[in-house]
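Look at the model below and follow the text from the whole chain down to single residues.

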Amino acid sequence: MIRTYVTNMSLQTRNDLGKVFYHPKGFSLTENRVTRFPIIPIIAENLKEEDPVKIIVLRTINEDTPDNLSLFYEELKELGISDTQVTVIDSIENQDRITLLNMLFHLISAIDNDSLVCFDVTFGTKPMSSLLVYAASFLPQLKDVQLGGIYYGEIPRKSGKPVPGAESLYDMTYFSHLGNLIQNLHELGCDDPEQMLHTLLDI
């Protein structure tokens, strides 16, 4: 199985994209580390010699993204992952419907069958982050792949400055699982799917 990791490239300037320690919320990472990119500890956690690794980067072209991509390559190299294992999908900043659809189909094509796919939705424009969330939700219905996770790294700010030590990493995969559960309830013809959902989730 190919371990595939998909991320948007940061649009921050190099000076603003500093290394931090993201604290996992509701899960643990034995290979956690300081990083500029929240997907790095996720990759490190799941590295296995017998499994091929593929990295897919969605990059919105502006003056900072080429520099940030080189920083990403540096951190991948520390994990033993070479540039040849990285596929970059570029987009213009004017992200209208056609541009986003083209990005989506390029992403789908870049993901191989027999893959376990993890998504990092931290960086990029809001439409690009949304694109990754939507792709994660329906990709297993289009290709022979499994969803490995959806992650979001947060750096809280106060008065416009990062709050040291408050960086968090969230596993948002349960929203995709919740969507699958709702679909199953619909297909079963449940009389009151909303109430059944509350009962199943005990909330």
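Accessible areas come from the Shrake-Rupley method with a 1.4 Å probe, and for residues only the protein chains shown count as cover. By this method the accessible surface of the protein comes to about 11200 Å². Carbon and sulfur atoms account for 53% of that surface.

The structure is a predicted model, in which local features need pLDDT of at least 70 and side-chain atom pairs count only at pLDDT 80 or more, while totals for chains, interfaces and linings use all residues. Residues are numbered from 1 along each chain as its sequence is written, and side-chain values use heavy atoms, with hydrogens and water left out.

Start with the whole protein. Helices (H or I, at least four residues) and strands (E, at least two) are DSSP runs, numbered from the N terminus. The protein has 6 helices and 11 strands. Along the principal axes, its C-alpha atoms fill a box of roughly 55 × 40 × 40 Å. The radius of gyration is taken over C-alpha atoms, and the rule for a globule is 2.2 Å times the number of residues to the power 0.38. Because the protein has 203 residues, a compact globule would have a radius of gyration near 17 Å, and the value of 18 Å found here agrees with that.

Two further totals describe how the chain is packed. A residue is buried under 20% relative accessible area, exposed over 50%, and partly exposed in between (1.4 Å probe, protein chains only). Of the 203 residues in the protein, 42% are buried. Contact means heavy atoms within 4.5 Å. Among contacts between residues at least 6 apart in sequence, 70% join residues at least 24 apart.

Lys and Arg count as positive and Asp and Glu as negative, with His and the chain ends not counted. The place of a charge is taken as NZ of Lys, CZ of Arg, CG of Asp or CD of Glu. There are 16 positive and 28 negative side chains, and the centres of the two sets lie 8 Å apart.

Now turn to the interior. A nonpolar core is a set of buried Ala, Val, Leu, Ile, Met, Phe, Trp, Tyr and Cys residues joined through side-chain atoms within 4.5 Å. Which residues have the most contacts inside the largest nonpolar core? They are Y5, F37, I42, I43, I55, F72 and L76, in a core of 26 residues. At least two residues of this core come from each of α1 (39-46), β5 (53-60) and α2 (65-78). The most is given by α1, with 5 residues. In α1, 6 of the 8 residues are buried, so this helix is mostly covered. The buried ones are I39, I40, P41, I42, I43 and A44. Leaving aside neighbours within four places in sequence, I43 is in contact with Y5, I55, L76, L79 and I81.

A second, separate core has 23 residues, including L58, M103, M128 and I150. I150 sits in strand β8 (residues 145-154) and counts as buried because its relative accessibility is 6%.

Some single residues are worth a look. F123 lies in the loop between β7 (115-120) and α4 (126-142). Is F123 buried or exposed? Its relative accessibility is 8%, so F123 counts as buried. Not counting residues up to four places away in sequence, F123 touches N8, M9, S10, Q12, L17, R36, F37, P38 and S129. S115, in strand β7, has a relative accessible area of 0% and is therefore buried. With the residues up to four places away left out, S115 touches M1, I2, T4, D144, V145 and Q146.

D114 is in the loop between α3 (97-110) and β7. Its phi is near 60°, a positive value in a residue other than glycine. D114 is partly exposed, because its relative accessible area is 39%. S159, in the loop between β9 (157-158) and β10 (161-162), also has a positive phi, near 55°. At a relative accessible area of 74%, S159 is exposed. R97, in helix α3, counts as exposed at 61% relative accessibility.
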